Amino acid sequence: MVSKIARRNKIKTRIRGKISGTAQRPRMTVFRSNKAIYVQLIDDLAGKTLCAASSKGIAEGTKCEISERVGEAIAKKAMEMGITEVVFDRNGYLFHGRVKSLADAARKAGLKF
């Protein structure tokens, strides 16, 4: 039986083989732990993180509501940098729950992906 982590890493590798970020259209990657959620905009050609946001310091609300605030925060930072389009990397997680609420909030705040 394959462990949950091994399964996610296999999916993650398959996704990363297909997508890549540039300076004009960076890769928006999500990391989800039990307590927090993190998101980064990455330029894979230069190997640099352009900006990041996390749920650290946000205490009130459910996990999905906190994820929405993180999505809005990353969209705001991206807009300030002049980035309007990104490539979404769910990082091997299923697209529902906290990952979906983060993506929907970022879309609503103006990011296109």
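1. E68 is partly exposed, with a relative accessible area of 36%. Here buried means under 20% relative accessible area, exposed over 50%, and partly exposed in between, with a 1.4 Å probe and protein chains only. E68 is found in helix α2. Helices are DSSP runs of H or I with at least four residues, strands are runs of E with at least two, and both are numbered from the N terminus.

2. This is a predicted model: local features need pLDDT of at least 70, side-chain atom pairs count only at pLDDT 80 or more, and totals for chains, interfaces and linings use all residues. Residues are numbered from 1 along each chain as its sequence is written, and side-chain values use heavy atoms, with hydrogens and water left out.

3. E68 touches S101 and A105, not counting residues up to four places away in sequence. Contact means heavy atoms within 4.5 Å. E68 and D104 are 36 residues apart in sequence, yet their C-alpha atoms are 7.6 Å apart in space.

4. Look next at α3. Its buried residues are R98, V99, S101, L102, A103, A105 and A106. The cover over them includes β1, β2, α2 and β4 (87-89). G110 follows α3 and has a positive phi, near 125 degrees.

5. The largest nonpolar core has 20 residues, and M28, V30, V39, L41, I74, L102 and L111 touch the most other members. Two or more residues come from each of β1 (27-32), β2 (37-43), β3 (48-54), α2 (63-80) and α3 (98-108). Such a core is a set of buried Ala, Val, Leu, Ile, Met, Phe, Trp, Tyr and Cys residues joined through side-chain atoms within 4.5 Å.

6. Leaving aside neighbours within four places in sequence, L111 is in contact with M28, A75, A78, M79, I83, T84, V86 and A106.

7. The largest pocket holds about 200 Å³ of space. A pocket is an open set of points on a 1 Å grid over the protein atoms alone, where a 1.4 Å probe fits, with protein on both sides within 12 Å along at least five of seven lines; lining residues have an atom within 4 Å of a point. The lining is K4, I5, R7, R8, R32, G92, Y93 and L94. Helix α1 (residues 4-18) gives the most, with 4 residues.

8. On cysteines: C51 is buried, at 10% relative accessible area, and C64 is partly exposed, at 32%. A search of the whole structure finds 0 disulfides, a disulfide being a pair of cysteine sulfur atoms within 2.5 Å.

Technical notes: Grid points are joined across faces, edges and corners, and a volume is the space filled by probe spheres set on the points.
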